[in-house]
Amino acid sequence: MDRTPDLAPALKLAQRVDDIAPFHVMELAKQAALREKAGHDVIHMGIGEPDFTAPEQVIEAAAKAMRDGRTQYTSAMGLPALREAISDYYRSYYGVDVDPSRIVVTAGASAALVLACAALVGVRDEVLMPDPCYPCNRHFVSTFDGKPVLIPSGPAERFQLTAERIESHWGPATRGVLLASPSNPTGTSIETAELGRIVKSVRARGGFTLVDEIYQGLSYDGKPTTALSFGDDVLVVSSFSKYFNMTGWRLGWLVVPPSLVPTFEKLSQNLFICPSAVAQHAAIACFRPDTLAIYEARKDAFRNRRDYVVPALERLGFKVPVMPDGAFYVYADCSGVQHPNAGDSDLLTQALLQQADVVLVPGLDFGFAEPRKYIRLSYATSLEKLREAMGRIERVFTGG
């Protein structure tokens, strides 16, 4: 006997869902996958994922952990040996002493930002961040019913917030600032002196300074610094995804003020239980001298790619108003290129996918300040592929 299924009423979603915008880079990735399925050779310069993967030492450490049965829950704060290794890394690499007790190992940098927003952002609290910025940062704030306030930050500010801009936008509901240095999408860092002024200004207003440093290991010009050098009240997020080439392992960490350690332990226990035990055991091997030597060599490779792709883009008519000094991104002005869609990065990236089989990302993902003027390019791929991509784009622009 045929039966008509009951039609359930549509479920009412939380209002916060409407505040989370679609991710254009993922839509382009889906279109690129369809072209690849149809036999096209697509060059991906969209998603920010290193083409390098974990070194053999890290893989073997993961395999050994599994063979030894070290796969049970860990402390919600992470393995003590890993927290010690991260602390030692801050001391040797940055010259900053960070007590291991302040380090919270997390299921990627995203989990670290979730924990930070859960602890610090209340209903209708405002959090200042630059425009452009990584889109998920504003969504983390919205998820906890806060209000992200994006402040237009152009080439004159290196696409970053400054202490002056923060002071002029600070209001009664402002709770703190969320920064990223080096930044996705621009690859630019906050100059050390300016970062110090920002921390001092926010501290004077009783707010929090939360800094995403997941690309800090990939700083190419000058000695890298960490916001932790400006005081124990600064919160810093980092990750094993980018410099350590472990994107799918989903492991990161958060450094918190000493007084907030119990709060973050409680939140970690309740929200995540613990990060992956296998990934944690593997990550300890990241800090071996021979493994770090591999990472530094790969960093040099990324620098070489940057030094090729920036002038190559400029020869094609793109403008790179600020030289990226970290990460693996270029934020380029497309308004002067020789193409019918010049100045509209959404249409231009669609056209280059269809006409050149090259994936780039429109600025629409990253904010509201002239987003159609800019494209983001990820050079986390081989020099060979970068050269091929530039050649394809040139042929589209010249009709060759």
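**Entry 1: lining of the largest pocket.** I sorted the residues lining the largest pocket by type and got 13 nonpolar, eight polar and five charged. I note here that the model is predicted. The lining comprises 26 residues. I looked up which lie nearest the centre of this pocket: Gly48, Tyr134, Asn184, Tyr215 and Lys242. Its volume came out at about 560 Å³.

**Entry 2: helices at the largest pocket.** Next I checked the helices around the largest pocket. At least two lining residues come from each of helix H1 (24-37), helix H4 (108-120) and helix H5 (135-143). Which element gives the most to this lining? I found H4, with three residues.

**Entry 3: position of the largest pocket.** Why does the largest pocket lie between domain 1 and domain 2? I traced its lining to both domain 1 (21-50 + 292-398) and domain 2 (56-287), so the pocket lies between them.

**Entry 4: second largest pocket.** I then turned to the second largest pocket, with a volume of about 260 Å³. I found 16 residues lining the second largest pocket. Closest to its centre are His44, Met45, Ile47, Glu49 and Ala380. H1 and strand S1 (43-44) each give two or more residues to this lining. By type, I sorted the lining of the second largest pocket into nine nonpolar, four polar and three charged residues.

**Entry 5: the record.** Last, I looked up UniProt. An unreviewed entry there lists residues 41-393 as "domain: Aminotransferase class I/classII large". Over residues 41-393 I read 39% helix and 15% strand. The C-alpha atoms at the ends of this stretch are 14 Å apart.

Notes: Residues are numbered from 1 along each chain as its sequence is written. This is a predicted model: local features need pLDDT of at least 70, side-chain atom pairs count only at pLDDT 80 or more; totals for chains, interfaces and linings use all residues. Side-chain values use heavy atoms; hydrogens and water are left out. UniProt positions are given in the numbering used here, feature names are shortened, and annotations may be inferred rather than shown by experiment. Helices (H or I, at least four residues) and strands (E, at least two) are DSSP runs, numbered from the N terminus. On a 1 Å grid over the protein atoms alone, a cavity is a set of points where a 1.4 Å probe fits but cannot get out, and a pocket is an open set with protein on both sides within 12 Å along at least five of seven lines; lining residues have an atom within 4 Å of a point. Grid points are joined across faces, edges and corners, and a volume is the space filled by probe spheres set on the points. Ala, Val, Leu, Ile, Met, Phe, Trp, Tyr, Cys and Pro count as nonpolar, Asp, Glu, Lys and Arg as charged, and the others, Gly among them, as polar. Domain bounds come from an automatic or database domain assignment.
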